[in-house]
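Visitor: I am new to this structure. Please show me how to read its features, one at a time.

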Amino acid sequence: MLDMLAIGHKIAALRKRENLSQEALAARLYVTRQAVSNWEVAKSAPTIDNILELSSLFKVSFEEILCLGEKPLYDKKDLFKDHERAYVLAAFLEGSLKVPLREIYDQATGEERRTLLKALKEGRLAASPSEIEDLLGDKEREFLSQRREKP
Amino acid sequence: MNLNAKKMLPFLDDDELHAIVLQMKDAPDGVYEGVSPRDIAPFAEEEDLDLLLAALAEKGVFATDLYPFASSEAIGKAAQAALSAQAFEAFRKALPFLDEDDADAAILAVLKDHDEIFASPDLKIGSLLPFLSETATTALFFSLVDAKPEEAKAMLPHLEEEDFHRLVEEAEEGKHPAFDWDAAYPFLDEEDVKRLFYAALRQKK
């Protein structure tokens, strides 16, 4: 998946390089200033047409705007910093973000923890529950110990 | 059977309960001498309740009160019958009691022969998703992508990488024109994003 926050930062950087305000960029693309603001903070995603128009306007490839081929940098102390949270989680689950389970689990929200536990339970992570044993609550332990069995 | 049949239920043995179940399954609404499926559910054996659930489902009577007491397999068959009959509430209520395999079997069987049922505006796809396997989710998504594009869009976070590859391949072939590709591209891997954008560029020329 794409890191929409990194893309938002890229759009903001390209806009500033061209000395354009959010309002001026919005006028060029026939969208609202709010739309541009939302893209830049990953509150919403530009359409495919918007990306192609930005590419033409900034004279860069759409690959550059979408940060394709760029290696994301993670702050070990705050893995989610400057990235869309769903992107970081997906990167960990697919193995492109290589950090110990404990590090990401410790920084994850409740829902993200459930996603990690589900992946752990289904054997999709090369990690052991013992790595996060002391971080688990009663319900999380119970979830990990449950097995779906046929009656 | 006297009028206090309902009150007698806790005191009947398995054979007596079985005899009542046989009468209930032949009754048009599943009620015999004032005893409903809900009344007998806590007392009868699972095998009998499975029998009753199936017999009533065949008649289009969906005894949802039996779900907590019947086997997953029997509930799955009743759920399939409910879905085929577009009794969506009875179908939805079955899902939490089904094993993933039985939920899949019910959904996939109906998808195979009557995929138009899933396009009904009365069936809320989002409420099914937590109970479906990846296989059923994929099958459901591709059956809805044209018929119910808005619901298909909401399924995007539940799809696997292979599903996105297939989706992009189909986009390149010009399929699914009504689908919201703007909502899909953030979920794609880099290679698929490129293919989708190049397809969009080709269409613009």
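Guide: Let us start with domains, whose bounds come from an automatic or database domain assignment. Chain A is divided into domain 1 (4–65) and domain 2 (85–145). The C-alpha centres of these two domains of chain A lie 34 Å apart.

Visitor: What should I know about the model and its numbering?

Guide: This is a predicted model, in which local features need pLDDT of at least 70, side-chain atom pairs count only at pLDDT 80 or more, and totals for chains, interfaces and linings use all residues. Residues are numbered from 1 along each chain as its sequence is written, while chains are lettered from A and ligands numbered from 1 in the order in which they are written.

Visitor: Which domains does the assignment give for chain B?

Guide: Chain B has domain 1 (5–154) and domain 2 (160–205). Their centres, taken over C-alpha atoms, are separated by 37 Å. Eight residues from domain 1 of chain B and seven residues from domain 2 of chain B make the contact. Contact here has a cut-off: the C-beta atoms of two residues, placed from the backbone, lie within 7 Å.

Visitor: Which elements give two or more residues to the domain 1 side of that contact in chain B?

Guide: They are helix H8 (134–144) and helix H9 (149–154) of chain B. Helices (H or I, at least four residues) and strands (E, at least two) are DSSP runs, numbered from the N terminus. By class, the domain 1 side has four nonpolar, one polar and three charged residues. Ala, Val, Leu, Ile, Met, Phe, Trp, Tyr, Cys and Pro count as nonpolar, Asp, Glu, Lys and Arg as charged, and the others, Gly among them, as polar.

Visitor: How many helices and strands does chain B have?

Guide: Chain B has twelve helices and zero strands. Its radius of gyration is 22 Å, well over the 17 Å that the globule rule gives for 205 residues, so chain B is more spread out than a compact globule. That radius is taken over C-alpha atoms, and the rule is 2.2 Å times the number of residues to the power 0.38. Along its principal axes, the C-alpha trace of chain B spans about 80 × 25 × 20 Å.

Visitor: How much of chain B counts as buried?

Guide: Of its 205 residues, 34% do. A residue is buried if 20 or more other C-beta atoms lie within 10 Å of its own, exposed if 12 or fewer, and partly exposed in between, with C-beta atoms placed from the backbone.

Visitor: Where does Ile125(B) lie?

Guide: Ile125(B) is in the loop between helix H7 (100–114) and H8 of chain B. With 19 other C-beta atoms within 10 Å, Ile125(B) is partly exposed. Not counting residues up to four places away in sequence, Ile125(B) touches Leu140(B), Leu144(B), Glu151(B) and Met155(B). The C-alpha atoms of Ile125(B) and Leu140(B) are 9.0 Å apart.

Visitor: How do I read a helix pair?

Guide: Axes are lines fitted to C-alpha atoms, for helices over the stretch in contact, and angles run from 0 to 180 degrees between N-to-C directions. Angles under 35 degrees count as roughly parallel, over 145 as roughly antiparallel, 65 to 115 as roughly perpendicular and the rest as oblique. In chain B, the axes of helix H2 (residues 14–26) and helix H4 (residues 46–58) come within 9 Å and cross at roughly 5°. That makes H2(B) roughly parallel to H4(B). Among the contact residues are Leu17(B) and Val21(B) of H2(B), and Leu51(B) and Leu52(B) of H4(B). The contact divides into seven nonpolar, one polar and two charged residues.

Visitor: At what angle do helix H2 and helix H3 of chain A pack?

Guide: Helix H2 (residues 22–29) and helix H3 (residues 33–40) of chain A pack at about 110°, with their axes 8 Å apart. H2(A) and H3(A) are therefore roughly perpendicular to each other. Gln22(A), Glu23(A), Leu25(A) and Ala26(A) in H2(A) meet Arg33(A), Ala35(A), Val36(A) and Ser37(A) in H3(A).

Visitor: Is Tyr30(A) exposed or buried?

Guide: Tyr30(A) counts as exposed, with 9 C-beta neighbours inside 10 Å. Its place is in the loop between H2 and H3 of chain A. Tyr30(A) has a positive phi of about 60° although it is not a glycine.
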